[in-house]
Amino acid sequence: MRVRICFTKHGKVRFTSHRDVARIFQRALRRAGLPVAYSQGFSPRPKIAFGLALSTGHSSDAEYLDIDLDPERINGIEMGDLPARLTNELPQGMAVTAAVAVDRQTASLQQAVTSCTWQIDVVDIDADTVASAVARALAAESLVATRERKGRKVVDDLRPGVLSLDVEGPIEAEQANGGGVRLIAELATQPRALRVSELLGALDPPLIEHRVLRLHQWTMNETDDRQRSSPLDAASSTPVGAT
Amino acid sequence: MSASLWPRLENLLPQVQKPARYIGCEQGAQTPTHGPGIVSWLLTYPDTYEIGLPNQGLQILYEILNERDDAAAERAYSPWTDLEALLRRDRLPLFSVDTHRPAGDFDVIAFNLSAELTYTNLLNCIDLAGVPIHADSRADDDPLIGVGGHCTYNPEPIAEFVDFVVLGDGEEVVGEITELLRDWKRLCGSKRTGRPGGARSSLLRELSKIAGVYVPSVYQVAYSGGFIAEVVPRYGDVPATVEKRTVADLGDWPYPRNQLVPLTEVVHDRLSVEVFRGCTRGCRFCQAGMITRPVRERPAEQVRAMISDGLTRTGYDEVALTSLSTADFSGIEQVIGETVSDAGCDQVSVALPSLRVDAFTVGIAAQIQRARRTGLTFAPEAGSWRMRQVINKLIREEDLYGAVESAYSQGWRRMKLYFLTGLPTETDEDTLGIAELARNCVALGRSHHSSPSVTVSVGGFVPKPFTPFQWFGQNTVTELSRKIGLLRDDLRRTPGVQLKWHDPKATLAEGITSRGDRRLGPVIEYVWRKGGTFQEWSEHFNYDLWLEAMAVNGCDVDWYVHRHRTQDEVLAWDHLSAGLHKDFLWQDWRDSLNELGLEDCRWIPCYDCGACTGYGIEHVVASASPPAGGSQGTGVDLSGGGAVPVVLAQRHRHSGARNGVGTRRGAGVAS
C-alpha cells in the first residue's frame with residue numbers, strides 16, 4: 001500500500017539537508033511503528049520516495065513523500081491517525097499535515113510535479129530597485145545564466161521557467177540594513193527545476209536571499225493543462241482513513 | 001538569564017558547511033531549566049559534531065545530570081573553521097546546541113578529552129566561550145573549566161588551562177561535584193551572575209577533596225636537572241595522590257536511556273549498548289585496557305532490555321555492542337541470538353566493533369550479519385609471534401588464519417587487519433611479518449573468491465601513561481617512515497593487499513602530548529595561537545608548527561618522546577593513580593622485554609595489579625569459564641586445555657582476593 005504524505009519544515013530544522021530528511025523519516029517511521037516495506041536484495045532499504053529536494057536552509061509548507069507500507073503487517077494500524085502519529089516522532093518544526101492512499105500506478109513525485117510557488121524574502125535592498133529588477137526580467141525575452149552541470153559550463157535561458165514573479169511588498173527583517181522585500185514566484189520544475197538562487201542571481205541587480213519558503217508544489221491536470229493541483233489530489237488518490 | 005543566540009546564529013548558518021551540526025533538535029535532546037539553585041554544565045566535545053555527538057561518555061553524563069533537580073546539562077561541540085571565523089567576526093561566543101545559550105553563561109564547561117591532538121581545540125573552545133585560557137587568570141565568577149576522559153590520566157600538559165580534572169568513571173562524581181557547587185552557589189553566589197563566586201581558589205581547594213577530582217593548581221611541581229623532582233600538594237588537606245573513580249557495578253547505571261538520535265550524519269550512527277567496561281586481556285600497548293580495570297559486565301538481562309528499549313525509542317536499525325572486546329562478554333551468543341530473533345523482520349543488524357581474532361568470533365559475526373557481508377576487521381597488532389608476546393597480544397597465527405578462513409568461507413570478501421609498528425624490541429623481521437600475514441590471508445581467500453582483498457592498516461605506536469610501555473622511547477618519524485617503507489616495498493607487487501598507514505608526523509605530535517609535563521603548556525598554547533586547531537584532521541595537521549612550538553619554548557622532542565625512561569624517574573603523572581601499582585607495571589615491562597606473556601586475571605586468581613585490591617572492588621563476570629575459541633589474551637586454548645605455546649610469567653598471587661568469577665552480587669565488597 002502506498003501512502004503519500006504532505007509535511008512542513010520550519011524553524012531550526014530547516015538547516016537539515018534533503019538526505020538528512022530521508023534519514024529523519026526512516027527513523028520516525030520505525031519509532032511510530034509503521035511497517036514500511038523494504039526492498040529485496042543484498043542491502044534492503046525502506047521503500048520511501050521523496051519529491052524535489054528542498055535546498056538546505058529553505059522552509060516549506062508543502063513537502064511530499066511516498067511511503068510503501070507492508071500490506072502484511074498493516075493490520076491494526078488506524079490510518080486516520082497516521083499524520084498525528086508520524087508528527088509525534090518528527091523533530092520540532094516538522095509536521096505531517098495530510099496523508100492519502102495513492103495507487104501504485106500514480107506518477108512519482110519527481111515526474112508529477114511541474115512547478116512550485118515560492119515566497120522569497122530579499123534584504124539589504126529597497127522595494128523600488130526590486131520592482132524594477134523584476135519588471136526587467138519579466139519583460140525580457142530571455143534570462144541568461146551560466147550554470148555548471150557535470151563539471152561543464154552550460155548557458156541556460158531561465159526565462160521559460162519563470163511562470164510568475166510578483167513583488168508582494170516590503171517586510172521587516174531583523175538585521176537587514178536597507179529593509180527587505182517579499183517576492184512570490186512560481187518556478188517550473190520541468191524539464192529541470194529552476195532554483196530560487198539561480199533566479200535571484202540572474203536578476204539585474206542580483207538579489208540576495210534572506211528567507212525562502214516553499215508555499216506549494218503543483219502537478220498538471222492530465223486532461224486540462226491549465227488546471228494545476230496539489231500532488232495529494234493526484235487522480236486515483238483517496239484520503240487515508242476515508243476508506 | 002541571557003537570551004538564546006539563535007536569532008543571530010540563524011543568519012550565519014546559510015553561509016557555512018553542514019549547518020545541521022549546529023541546530024540541536026535531536027531525538028532525546030533536552031532543554032533543561034536553568035536558574036538559582038541549579039548548577040549548569042556545558043558538556044563539550046572539542047572536535048566536530050560528527051565526531052563528538054556519538055560519544056557515549058558525554059551522553060551518559062548529559063542524562064545523569066539532567067535527571068537531577070539541582071543540575072542542568074547542555075552540549076557543545078567545536079564549530080568548524082568556517083563558522084568559527086563568522087563567530088569571531090561578529091563577536092559571538094561558543095554556544096550550546098540545545099538552547100543556543102552562550103557558553104560563558106554556564107557554571108561549568110566540561111570537556112571530554114579522548115585524543116591528545118584535540119588539546120588545541122580545547123583552548124580554542126575556552127577562548128571562544130569568552131573565558132581566559134589560563135586558569136590563574138580567571139575571575140571568581142568565570143565558568144569552571146573541567147576535563148575528563150582517557151587523556152586526562154596525564155593532564156599535565158594542559159594543567160594550566162583547566163580548573164579541575166576527573167579521573168575515571170564519571171557517573172558518580174558528577175553528582176558530587178554538582179552538590180558542592182550547588183551549596184557553594186547558595187552560600188556565596190555572585191550577585192552578577194548567580195554563579196559560584198567569591199574566592200575561586202577556595203572553591204577549587206574544596207573540589208580537590210572529592211575523590212577522583214584533581215585540581216592542578218593545588219599541586220606544586222619541583223624540577224631537578226630537567227627532570228621532575230616531585231609533585232606535592234600545596235596544602236595539607238589536599239590528597240598527595242589522586243585516585244581514579246570506578247563504578248563498581250555497571251548494572252546500577254543503565255545509561256544512556258535515551259540515546260541521542262542526530263538529524264544529520266555522524267560517525268557511529270547507531271544504537272550503542274555498552275556490554276561491559278574494563279578489560280584484563282593485558283595488551284601492554286593498550287591504555288584503555290589498563291586504566292579501565294576491572295572488568296564489569298552488565299547483566300545480560302539489562303543488555304537485552306537496553307537493546308530492545310533503545311531500538312524502539314530511537315528508531316535505529318543497527319545496534320553496536322560496545323566494550324574493549326565484546327566477544328568476551330559472558331553469554332554473548334545468547335544475547336545476540338535473542339536480539340536477532342526479537343527484531344524479527346525489522347531488519348535490525350548488530351555490530352561488534354571489537355572482534356577478537358578467532359574463528360569463534362567470526363561465527364558470532366556470521367550469526368548477526370545475515371544480510372550485508374562486506375568486510376571484517378581484525379587487530380593482530382603485530383606481525384610475528386615474538387612481537388605479539390612482547391605486547392601480550394597472544395594470538396597465534398593459527399587463530400588469525402582460522403578466523404580469516406572462517407570469514408572467507410562464510411561469504412566475507414574483504415578483511416581489514418590493524419597493526420602497530422614502532423613497538424618495543426621490534427626488528428625488521430617483525431615488521432615484515434605484517435606483510436607475510438597479509439599475503440597468507442589473501443592466499444586463504446583465493447580458495448573461496450577470485451579476488452579477495454586484505455587491507456593492512458599500520459599505525460605508529462605511541463606509548464601511553466599507566467601502561468607497561470610508559471617507559472619506552474617512541475620511534476622517531478624517520479624510523480617509523482622507514483618501517484612503513486619496508487612494508488610498502490615488500491607489498492608493492494602483491495595483488496589483493498592494500499597498505500594504509502597513519503602519518504608518522506601525527507604520531508610524533510601525539511607522542512609529545514601523551515607523556516608530557518606541565519612545561520608543554522606553552523607549546524600547546526603556541527600551536528593554538530598560530531591557528532593550529534583541528535590537529536586530528538590531516539588537512540589541518542601542522543607538523544612544522546609543533547616542532548617550531550617545541551623549539552621556541554625550549555622543549556626537546558627527543559627528551560619528551562624518544563628517550564627511554566628509567567625506573568627511578570618521577571613520571572609527570574605519578575601523583576595520579578589508575579589503581580595500577582607502579583611496580584606491577586614495571587614488572588610487566590620487564591616481562592615484556594623477556595617475551596613473557598601474562599594471563600587474563602578474569603578467570604584465574606588475582607595477581608594484584610592494584611586496580612581491584614586498591615579500591616575494594618572485583619571483576620563482575622557472569623561466566624565462570626573463559627569464552628570458547630582461540631588463544632587470545634592467554635596464549636592458551638583455555639576451552640580445550642591445549643598445549644601452552646607461551647611461557648607465562650609467574651606472578652605473586654594476591655592472597656586475600658578471591659577469584660572474581662560469578663561474584664556479581666558480591667561486587668563492591670572488599671575482600
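In chain B, 24 residues of domain 1 are in contact with 26 residues of domain 2. Contact here means that the C-beta atoms of two residues, placed from the backbone, lie within 7 Å. The model is predicted: local features need pLDDT of at least 70, side-chain atom pairs count only at pLDDT 80 or more, and totals for chains, interfaces and linings use all residues. Residues are numbered from 1 along each chain as its sequence is written, while chains are lettered from A and ligands numbered from 1 in the order in which they are written.

On the domain 1 side of this contact in chain B, two elements give two or more residues each: α2 (49-52) and α3 of chain B. Helices (H or I, at least four residues) and strands (E, at least two) are DSSP runs, numbered from the N terminus. The largest share, 4 residues, comes from α3(B). By class, the domain 1 side that touches domain 2 of chain B holds 12 nonpolar, 6 polar and 6 charged residues. Ala, Val, Leu, Ile, Met, Phe, Trp, Tyr, Cys and Pro count as nonpolar; Asp, Glu, Lys and Arg count as charged; the others, Gly among them, count as polar. Domain 1 of chain B spans 6-243 and domain 2 spans 256-515. These bounds come from an automatic or database domain assignment. The C-alpha centres of the two domains of chain B lie 32 Å apart.

Chain B has 20 helices and 19 strands. Of its 671 residues, 53% count as buried. A residue is buried if 20 or more other C-beta atoms lie within 10 Å of its own, exposed if 12 or fewer, and partly exposed in between. Among contacts in chain B between residues at least 6 apart in sequence, 77% join residues at least 24 apart.

The largest nonpolar core has 236 residues. Such a core is a set of buried Ala, Val, Leu, Ile, Met, Phe, Trp, Tyr and Cys residues joined through C-beta atoms within 7 Å. Trp41(B), Val319(B) and Ala438(B) have the most contacts inside this core. Helix α14 (residues 428-446) of chain B gives the largest share, 7 residues.

Trp41(B) reaches several parts of chain B. Leaving aside neighbours within four places in sequence, Trp41(B) is in contact with Leu65(B), Ala71(B), Ala73(B), Phe106(B), Val108(B) and Ala110(B). Trp41(B) stands opposite Val108(B) in β3(B). Strands β1(B) and β3(B) run parallel, joined by 4 bridges. On strand β3(B), 5 of 5 residues are buried. Val108(B), Ala110(B) and Asn112(B) point one way from β3(B), and Ile109(B) and Phe111(B) the other way. In a regular strand the side chains alternate between the two faces of the sheet. β3(B) also pairs in the parallel sense with strand β4 (residues 144-148) of chain B, over 5 bridges. There, Asn112(B) stands opposite Gly148(B). Two strands pair if DSSP finds at least two bridges between them.

Helix α3 (residues 56-66) of chain B has buried residues Leu58(B), Gln59(B), Ile60(B), Leu61(B), Tyr62(B), Ile64(B) and Leu65(B). Their cover includes β1 (39-45), β2 (71-77), β3 (108-112) and α6 (173-188) of chain B.

A further sheet in chain B is open and has 4 strands, in the order β15-β16-β17-β18, with parallel pairing. β15 (375-381) and β18 (497-501) of chain B stand at the edges with a single partner strand each, so one side of each has no neighbour in the sheet. The twist averages 20° from one strand to the next. β16 (residues 414-421) and β17 (residues 453-460) of chain B pair over 8 bridges, and Tyr418(B) has Ser457(B) in β17(B) as its bridge partner. Helix α13 (residues 397-409) of chain B lies across β15 and β16 of chain B, at about 175° to β15(B). Axes are lines fitted to C-alpha atoms, for helices over the stretch in contact, and angles run from 0 to 180 degrees between N-to-C directions.

Chain A is divided into domain 1 (2-107 + 231-239) and domain 2 (112-220). Between them, 13 residues of domain 1 are in contact with 12 residues of domain 2. The domain 1 side of chain A that touches domain 2 has 7 nonpolar, 5 polar and 1 charged residues. Arg4(A) is found in strand β1 (residues 2-9) of chain A. Arg4(A) counts as buried because 23 C-beta neighbours lie inside 10 Å. Between the chains, 21 residues of chain A are in contact with 18 residues of chain B. The chain A side divides into 8 nonpolar, 7 polar and 6 charged residues.
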